Amino acid sequence: MSQQETEHKSEWPLWEVFIRSKAGLDHKHVGSLHAADAQMAIENARDVYTRRMEGVSIWVVESKYLHTSDPDESASMYEPANDKIYRHPTFYNLPDELKHM
Amino acid sequence: MTVHSFEENFEEKLEKDIAIEPRDWMPDTYRKTLIRQISQHAHSEIVGMLPEGNWITRAPSLRRKAVLLAKVQDEAGHGLYLYSAAETLGISRDELYDQLHSGKAKYSSIFNYPTLTWADMGAIGWLVDGAAIMNQVPLCRTSYGPYARAMVRVCKEESFHQRQGFEIMLTLSKGTAVQKKMAQDALNRWWWPSIMMFGPPDDNSPHTEQSMHWKIKRFTNDELRQKFIDVTVEQAKILGLSVPDADLKWNEARGHYDYGKIDWDEFWNVVKGNGPCNKERLETRRKAWEGGEWVREAAAAYSEKRKQRSRQEAA
Ligand SMILES: [Fe+2]
Ligand SMILES: [Fe+2]
């Protein structure tokens with residue numbers, strides 16, 4: 001059975017909450033909550049996660065729409081980046097007298 | 001990966017202080033123990049609103065009222081952070097509520113004591129939140145990611161709780177003789193239940209070793225209790241109040257306060273449901289849940305109606 005089928009019928013759906021703490025910064029995941037719909041999720045998120053002015057913008061996404069990578073495949077998933085240290089600026093040997101680079 | 005290597009991988013993460021995240025492999029017993037621990041904690045935050053909620057309408061000034069209201073609202077928030085952390089382990093919110101309302105789940109016994117006077121608001125903030133902070137700060141480094149992150153938020157918010165409580169105690173203890181007496185009486189009644197909040201003594205706490213290994217507990221009950229007593233006794237001196245323990249004495253050799261015998265029979269009796277307010281607390285929670293039924297249904301119906309309307313408009 002899928003998780004949805006086992007879910008209690010009466011339970012409001014679960015939402016993931018993302019908050020921008022100030023203009024110029026990314027929204028960051030802060031937790032989740034239950035709400036009947038998106039508008040209520042945003043209002044609840046304000047009360048639960050921004051009681052001390054922690055945010056200037058809120059995103060909510062119903063949890064079932066979130067797709068994630070499989071942690072058990074992390075090794076092969078991120079392996080291609082492992083041996084490519086030449087993607088970092090420190091890989092290059094340049095003379096000390098070289099400035100502003 | 002074989003089960004064996006899953007387990008090795010898990011142990012290695014524990015060893016290296018790498019957080020365990022919801023979709024990572026974890027032993028079943030770790031998952032179950034965490035669900036129990038986090039949900040007990042969540043229930044405590046929620047039930048913990050009741051003793052203080054009792055005084056919101058009778059706070060002595062608008063300032064005190066606003067502060068108490070904000071504090072109680074924070075506790076609701078703490079409950080919600082923790083419930084959502086528990087849900088990442090695969091239990092539903094309804095199941096969690098059900099465990100609380102059916103009496104299957106436990107919550108901190110301290111909330112089964114009544115709040116008789118305004119000074120109890122001071123004693124609770126100072127002692128009960130103080131003890132909670134002592135317990136919770138190390139949990140910010142607990143091995144389970146969502147739990148640790150919830151605890152970071154909780155701890156950030158807790159410190160005002162303790163300070164506002166101490167301020168109430170300070171004001172009363174510098175007030176009239178009657179006010180000071182009220183503060184002393186509150187300390188007398190809350191002291192022992194507060195130091196019991198750390199749980200049974202280490203030699204009677206069979207799961208401590210496993211929990212410490214899993215890093216879901218970072219200090220033993222007695223270690224935390226001692227730390228709390230050492231700090232709090234000094235604070236009582238500032239208030240000019242006396243801690244109701246005749247055996248309390250600074251032990252130079254240990255570098256700690258020695259304290260009197262704790263009445264564990266009382267503790268277990270309250271845990272078993274025979275405290276002064278166990279029935280009342282559970283009944284209040286059940287009534288709130290049942291009374292909210294129509295609101296939950298109406299909100300769900302309204303959301304369904306809006307979905308249908310927007311589908312029609314789109315068609
Ligand atoms: Fe709290
Ligand atoms: Fe608190």
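Which residue of chain B forms a salt bridge with Arg51(A)? The tour of this predicted model begins with the answer: Glu157(B), whose closest atom to the arginine, in the pairing of N and O, lies 2.8 Å away.

**Stop one: the pair between the chains**

Select Arg51(A) and Glu157(B) together. The pair crosses from one chain to the other: Arg51(A) sits in the loop between α2 (38-49) and β3 of chain A, while Glu157(B) belongs to helix α7 (residues 145-173) of chain B. Arg51(A) counts as partly exposed, because its relative accessibility is 22%. Glu157(B), at 5%, counts as buried. In general, side chains of opposite charge can pair when their charged atoms come close.

**Stop two: the interface of chains A and B**

Display both chains and select the residues where they touch. On this boundary, 22 residues of chain A are in contact with 24 residues of chain B. The area buried between the two chains is about 1900 Å², and carbon and sulfur atoms give 45% of it. Within the part that chain A buries against chain B, Trp12(A), Arg51(A) and Arg52(A) supply 26%, more than any other three residues.

How many salt bridges are there between chain A and chain B? The count is five. Polar contacts across the interface of these chains come to 16 residue pairs, both residues being at pLDDT 80 or more.

Next, colour the side of chain A that touches chain B by element. Both β2 (27-34) and α2 of chain A supply at least two residues each to this side. The largest share, four residues, comes from α2(A). By residue type, this side of chain A divides into eight nonpolar, seven polar and seven charged residues.

**Stop three: salt bridges within a chain**

Move to Lys84(A) and Asp83(A). These residues form a salt bridge, the closest N and O atoms being 3.1 Å apart. Lys84(A) is partly exposed, with a relative accessible area of 21%, whereas Asp83(A) is exposed, at 51%.

In chain B, select Lys307(B) and Glu304(B), whose side chains meet in a salt bridge at 4.0 Å from N to O. Both lie in helix α13 (residues 293-314) of chain B; they are three residues apart and therefore separated by about one helical turn. Lys307(B) counts as partly exposed at 42% relative accessibility, and Glu304(B) counts as partly exposed at 33%. Elsewhere, salt bridges that share partners join Arg51(A), Arg52(A), Asp74(B) and Glu157(B) into one network. Over all chains, the count comes to 27 salt bridges.

**Stop four: confidence along chain A**

Finally, colour chain A by pLDDT. Its mean is 90, and 91% of its residues reach 70 or more.

Definitions and conventions
Residues numbered from 1 in each chain as written. Chains lettered and ligands numbered in written order. Heavy atoms only, no water. pLDDT = per-residue confidence, 0-100. Buried < 20%, exposed > 50% of the residue type's maximum accessible area, 1.4 Å probe, protein only. Contact = heavy atoms within 4.5 Å. Buried area = accessible area lost by both parts, 1.4 Å probe. Polar contact = N/O pair within 3.5 Å; in protein donor to acceptor, adjacent residues only side chain to side chain. Nonpolar A, V, L, I, M, F, W, Y, C, P; charged D, E, K, R; others polar.
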